[in-house]
Amino acid sequence: MTLLIDGKKISAAVVEQLAIDTKTFIAEFGVTPGLAVVLVGDDPASQVYVRNKVKQATAAGFHSTEHRLPADTGQEELNALVEQLNNDPSVHGILVQLPLPEQLNEPEIIRLIAAEKDVDGFHPLNVGALASGMAELIPCTPMGCMIMLEKTLGDLSGKHAVVVGRSNIVGKPMAALLLQANCTVTVVHSRSAEIEAICRQADILVAAVGRPEMIRGSWIKPGATVIDVGINAVEKDGKRRLVGDVAFGEASEVAGAISPVPGGVGPMTIACLMKNTLTAARQQVS
Ligand code: GUN
């Protein structure tokens, strides 16, 4: 029987613990953790993500603000907002939703966010800390995947983990976390040869490419644990549906455990953003 890795259930437990930790933190320091979420433009998927992030932050007992800027916002205007949030003591975490419209320089914004408020873990100082095993703020999606894997498998030592995709948001930090957990890690990407054969060697397969149902059942080693990070909107039979990077029906016949889309990694990402916001607040008050 294939185990369904239920992100809703696992994230609910994370959020429940977080609510307890947040209460303790507020009682101890008299400070409410604050999260500022910035959205530039009107990308519908980003709007949904941002709304969910703000809603969850409020539910966790945080002070949460949403900053919406028009699609034609200039660099100086966005920089000014980030600097204002950097200097605001009621804001402990800043998240600028990516991707940004093309006139904006993404690396410049990532670098401008104060490293201690970088709840995405994308600032070069936090990326370096992660690479050297000293991270406090870990990118939310890979952190969520690790929680799911550890909940499913326990100790990951010695397992062969294959990460499909090398983005700064998921693939690269995911590989760093798996390595830290003593996995043997292979990263494959659009220029890799023999992707299928490499995937078939994976005890743990993490798919983060953004290509609907690219990974077929035949790419999966029987009994493997599969984490599907993709969230792709597709039209099927005239209806809009969300599918992952893994062909779920086929894959679930081969895998030992698999996360669904939706209801897998998505809710974990938001729960981990809340964890990072509390971590950031703790660092800033103590
Ligand atoms: N866009 C897609 N995923 C993310 C994320 O984790 N953080 C931010 N800031 N933007 C994203």
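The shell around the ligand divides into 5 nonpolar, 2 polar and 1 charged residue; here Ala, Val, Leu, Ile, Met, Phe, Trp, Tyr, Cys and Pro count as nonpolar, Asp, Glu, Lys and Arg as charged, and the others, Gly among them, as polar. This is a predicted model, in which local features need pLDDT of at least 70 and side-chain atom pairs count only at pLDDT 80 or more, while totals for chains, interfaces and linings use all residues. Residues are numbered from 1 along each chain as its sequence is written.

**Ligand shell**

- The residues around the ligand are L95, V96, Q97, L98, D120, C140, T141 and I169, where a residue is near a molecule if its C-beta atom, placed from the backbone, lies within 6 Å of it.
- At least two residues of this shell come from each of β4 (93–96) and α6 (140–153); helices (H or I, at least four residues) and strands (E, at least two) are DSSP runs, numbered from the N terminus.
- Domain 1 (32–114) and domain 2 (140–266) each contribute at least three residues to the shell.

**Domains and annotated regions**

- The protein is divided into domain 1 (32–114) and domain 2 (140–266), with bounds that come from an automatic or database domain assignment.
- Taken over C-alpha atoms, the centres of domain 1 and domain 2 are separated by 28 Å.
- An unreviewed UniProt entry places the feature "domain: Tetrahydrofolate dehydrogenase/cyclohydrolase catalytic" at residues 5–120; UniProt positions are given in the numbering used here, feature names are shortened, and annotations may be inferred rather than shown by experiment.
- Residues 5–120 are 50% helix and 16% strand, with end C-alpha atoms 24 Å apart.
- UniProt (unreviewed entry) places the feature "domain: Tetrahydrofolate dehydrogenase/cyclohydrolase NAD(P)-binding" at residues 139–284.
- The span 139–284 is 36% helix and 21% strand, and its end C-alpha atoms lie 19 Å apart.

**Strand pairing**

- An open sheet is formed by 6 strands in the order β1-β11-β8-β7-β5-β6, with parallel pairing; two strands pair if DSSP finds at least two bridges between them.
- β1 (3–4) and β6 stand at the edges with a single partner strand each, so one side of each is left without a neighbour in the sheet.
- Strands β8 (residues 225–228) and β11 (residues 257–258) run parallel and are joined by 2 bridges; the bridge partner of T225 in β11 is A257.
- β2 and strand β3 (residues 63–69) also run parallel, joined by 7 bridges, and V37 stands opposite E66 in β3.
- Strand β9 (residues 232–236) pairs with strand β10 (residues 239–243) in the antiparallel sense over 5 bridges, and A233 stands opposite L242 in β10.
- β9 and β10 form a hairpin with 2 residues between them, and D237 in the turn has a positive phi of about 50 degrees.

**Buried elements**

- All 7 of the 7 residues of strand β2 (residues 34–40) are buried, so β2 is largely enclosed by the rest of the structure; a residue is buried if 20 or more other C-beta atoms lie within 10 Å of its own, exposed if 12 or fewer, and partly exposed in between, with C-beta atoms placed from the backbone.
- Both faces of β2 are covered, with G34, A36, V38 and V40 buried on one side and L35, V37 and L39 buried on the other.
- In a regular strand the side chains alternate between the two faces of the sheet.
- Helix α7 (residues 171–180) is mostly covered, with 7 of its 10 residues buried: G171, P173, M174, A175, A176, L177 and L178.
- The elements covering the buried residues of α7 include α5 (124–131), α6, β5 (160–164), β6 (184–188) and β7 (204–207); contact requires C-beta atoms, placed from the backbone, within 7 Å.

**Backbone geometry**

- Most residues other than glycine have a negative phi, and most peptide bonds are trans.
- The L98 to P99 peptide bond is cis, with omega near 0 degrees, and P99 is found in the loop between β4 and α4 (106–112).
- V261 and P262 are joined by a cis peptide bond with omega of about -5 degrees; P262 is placed in the loop between β11 and α10 (265–285).
- N182, which follows α7, has a positive phi near 70 degrees.
- E194, in the loop between β6 and α8 (195–199), has a positive phi near 60 degrees and is exposed, with 9 other C-beta atoms within 10 Å.
- E213, in the loop between β7 and β8, has a positive phi near 55 degrees and counts as buried, with 20 C-beta neighbours inside 10 Å.

How values were computed:
Contact = placed C-beta atoms within 7 Å.
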